[in-house]
Amino acid sequence: MFKYLSIYYLLPIFLIITACGSEEEMKENESNTSDQQTNDSSQPETSPESFSVETVATELNVPWAIQSHDDHFYVTERNGTIARIDENGTVHRQNVESTEEIVSNGEGGLLGFILDPNFSESQKAYLYHSYQQNNSILNRIIAVTKQGESWIEEKILLDNIPGSQIHNGGRLKIGPDGFLYATTGDANMEDKSQQTDNFAGSILRMTLDGSVPDDNPIDNSYVYSYGHRNPQGLDWNEDNQLYSSEHGSSAHDEINHIQPGENYGWPVITGDEEQNDMETPLLHSGSDTWAPSGSTFDSNNNFYVTGLRGTQLMRIDMEEETMEVVFSGEGRLRDVFIRDDDMYVITNNRDGRGNPDENDDQLLKLSHFENHSE
């Protein structure tokens, strides 16, 4: 079992105090989230011997999810476009033609994205995006097909997922079982996370055509696990065990081992608190704030997690039960992706909470990251 581990640096007192507020607090004075920007100059930057860092593409528009096929990358941008990045780093923006307008208010927009396992032939992918209905923000999952430089909606897999200005979840992954998994946030309605008759604060599981799998833990329900606050990362280790990264409230960000049908406690318990029939996290940030987002396992069973407020890439060693910051200095990091022997991350400095440079946001290539896996 993981024990509480803190980051190697301490946040200044005034930032710890402000971390007790909202991801939106810097703009809208909302409450109960942790995806904020920090200007802590004491954060460690990557040393040259740790990584070789290369800029692949610049001037991305608040990118959210990374996918790759052949020599190209596909990156969703929250305003509703998909950036196709060719082998020369040139960005070609592609439209998404959907039956509901993609709404990018607050933390919503075009979020999760995953290519079909047979993409070479099917040209199919799956998207998670926000939309508006009767003055309410909702989220939905759709199947799309690439046609030329556009992505055309083919089918609604699931809609009416609760949404809000904050806490929309949004990560999509296809598991080793061939099913589609999606993370949802509590949509700023905390108690909904404890209700399995809705989709808020959950990890959902469905077939690639949008049906409920027969072996889901709750009969006739997409809900695979619940009691989540705002999970934004998912991946499986070498033993096909599922893990997630999740935003906590006022720090207490979490890494969870996801078991089917289990309740992960929000908003009843946080951190090391315990209650019957509720799961405590394997690892949490204590009084620090990571605002963890995209995550992935490498071939050595290390779990890499990006941090937004934490402005860092973390490596979690599952065997040693340790965490270390292995990359920082480029601001807010939203997603991480491994291709061949290289790791790629995207920045999110233009999401309204960062301090963007003129070239932001960027897709960065981190070579020799395997030095941290030995």
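Predicted model: local features only at pLDDT ≥ 70, side-chain atom pairs only at ≥ 80, totals over all residues.
Q: How many aromatic pairs does a search of the whole structure find?
A: The search returns eleven aromatic pairs. A pair of aromatic rings is described by the distance of the centres and the angle of the planes. Rings of Phe, Tyr and Trp (its six-membered ring) pair if their centres lie within 6.5 Å; planes under 30 degrees apart count as stacked, over 60 as edge-to-face and the rest as tilted. For Phe113 and Trp151 the ring centres are 5.5 Å apart and the planes stand at 90 degrees, so this pair is edge-to-face. Phe113 belongs to strand β6 and Trp151 to strand β9 (residues 150–162), so the pair links distant parts of the chain, 38 residues apart. Strands (E, at least two residues) and helices (H or I, at least four) are DSSP runs, numbered from the N terminus.

Q: Are Phe113 and Trp151 buried or exposed?
A: Buried means under 20% relative accessible area, exposed over 50%, and partly exposed in between (1.4 Å probe, protein chains only). Phe113 has 2% relative accessibility and therefore counts as buried; Trp151, at 0%, is buried as well. Tyr222 is buried, with a relative accessible area of 14%.

Q: How many residues does the largest nonpolar core have?
A: In soluble globular proteins, nonpolar side chains tend to be buried together. A nonpolar core is a set of buried Ala, Val, Leu, Ile, Met, Phe, Trp, Tyr and Cys residues joined through side-chain atoms within 4.5 Å. Here the largest core holds 33 residues, and Phe113, Ile141, Trp151 and Leu180 have the most contacts inside it. Its largest share, five residues, comes from strand β6 (residues 110–115). Leu180 touches, among others, Ile114, Tyr126, Ile141, Leu157, Leu204 and Met206, leaving aside residues up to four places away in sequence; contact means heavy atoms within 4.5 Å.

Q: How many helices and strands does the protein have?
A: The protein has three helices and 24 strands. Of its 374 residues, 61% are buried. Among contacts between residues at least 6 apart in sequence, 57% join residues at least 24 apart.

Q: Why is strand β15 described as largely enclosed?
A: Five of the five residues of β15 (residues 242–246) are buried, so the rest of the structure largely encloses this strand. Leu242, Ser244 and Glu246 point one way, Tyr243 and Ser245 the other, and all are buried. Strands pair if DSSP finds at least two bridges between them. Strand β14 (residues 231–236) runs antiparallel to β15 and is joined to it by five bridges, with Leu234 opposite Ser244. Strand β16 (residues 254–258) is also antiparallel to β15, again over five bridges; there Ile255 is the bridge partner of Ser245. The hairpin of β14 and β15 has five residues between the strands, and Asn240 takes a positive phi near 60 degrees.

Q: Which strands pair with β24?
A: Strand β1 (residues 52–57) pairs with β24 in the antiparallel sense over five bridges, and β23 (residues 342–347) runs antiparallel to β24 with four bridges. Lys365 in β24 is the bridge partner of Glu54 and of Tyr344. Five of the five residues of β24 (residues 363–367) are buried, so this strand too is largely enclosed by the rest of the structure.

Q: Which backbone nitrogens does the side chain of Ser285 reach?
A: A polar contact is a pair of N or O atoms within 3.5 Å; within protein, one must be able to donate a hydrogen and the other to accept it, and residues adjacent in sequence count only if both atoms are side-chain atoms. The side chain of Ser285 reaches the backbone nitrogen of Asp253 at 2.9 Å and that of His252 at 3.2 Å. Ser285 lies in the loop between β17 (283–284) and β18 (292–297) and is buried, with a relative accessible area of 1%.

Note on methods:
Residues numbered from 1 in each chain as written. Heavy atoms only, no water.
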